[in-house]
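Here's a quick briefing for anyone meeting this structure for the first time. Have a look at it below, then read on.

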Amino acid sequence: MHRTNLGVVGSKPLKKTWAIYNAKLEEWAGDNRGLQFHAVLCDPPYDLGFMGKHWDKGADYKAWGSAILPHLYPGALVLMFGGTRTWHRLAAGMEDAGFEIWDTLMWLHGQGFPKAQDISKLIDKANGDERE
C-alpha cells in the first residue's frame, strides 16, 4: 500500500516532515535554532498600505531575506508572492540579502478599467457645452 496523502507507506505511518509557521519572519528566524529548509513558500505583505492596515506597511524585504537565508540549505528554493506594483522591491530586497533571482512567475489579472470614451465629449461636458 502506498498512500502518502494519508501518511502511510507500506504498513508504517510516515514521520511528519513538514510544518506551517504563522509568525513574523524576523522573530521566528531569531528564535529558530538548527532547523534548515529545502524550500520556503510565503505571501508577505505587499507594502501597499491596504485599507490602512498596519501589517501592510513598511516592508523590509532585505531584512526578510537576511533573516531566512541562514535557515536554508544551499540551493533551496523560495517562492514569494508579491503585489503587482511592488514585486520588484521584493525581488531586489531578496537579491540584496544574497539570493539569486532565477525566474519570475506572474499571474496578471485586470479589472475595473474604464471603458473607451470620446475625449471630445468629456471636454465639452467639462466646459458646460451642449452637443447635438
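**Getting your bearings**

The chain exposes about 11,200 Å², and carbon and sulfur atoms supply 56% of that area. Accessible areas come from the Shrake-Rupley method with a 1.4 Å probe, and for residues only the protein chains shown count as cover. Keep in mind that this is a predicted model: local features need pLDDT of at least 70, side-chain atom pairs count only at pLDDT 80 or more, and totals for chains, interfaces and linings use all residues. Residues are numbered from 1 along each chain as its sequence is written, and side-chain values use heavy atoms, with hydrogens and water left out.

**The overall layout**

- You'll find four helices and five strands in the chain; helices (H or I, at least four residues) and strands (E, at least two) are DSSP runs, numbered from the N terminus.
- Following the sequence, they come in the pattern β-β-β-α-β-α-β-α-α.
- Of the 132 residues in the chain, 16% are buried, where buried means under 20% relative accessible area, exposed over 50%, and partly exposed in between (1.4 Å probe, protein chains only).
- Take the contacts (heavy atoms within 4.5 Å) between residues at least 6 apart in sequence: 59% of them join residues at least 24 apart.

**Where α2 meets α3**

- Helix α2 (residues 61–68) and helix α3 (residues 87–96) have axes that come within 7 Å and cross at roughly 45°. Those axes are lines fitted to C-alpha atoms, for helices over the stretch in contact, and angles run from 0 to 180 degrees between N-to-C directions.
- That makes α2 and α3 oblique to each other, because angles under 35 degrees count as roughly parallel, over 145 as roughly antiparallel, 65 to 115 as roughly perpendicular and the rest as oblique.
- On the α2 side, Y61, K62 and G65 make the contact, while α3 brings R89, L90, G93, M94 and D96.
- By type, the residues in this contact are three nonpolar, two polar and three charged. Here Ala, Val, Leu, Ile, Met, Phe, Trp, Tyr, Cys and Pro count as nonpolar, Asp, Glu, Lys and Arg as charged, and the others, Gly among them, as polar.

**Two buried residues to look up**

- T86 sits in the loop between β5 (72–80) and α3, and is buried at a relative accessible area of 4%.
- Setting aside residues up to four places away in sequence, T86 touches Y46, D47, L48 and Y61.
- A67 belongs to helix α2 and counts as buried, with 16% relative accessibility.
- Beyond its neighbours within four places in sequence, A67 is in contact with E26 and A29.
- A67 and L25 are 42 residues apart along the chain, yet 7.2 Å separates their C-alpha atoms.
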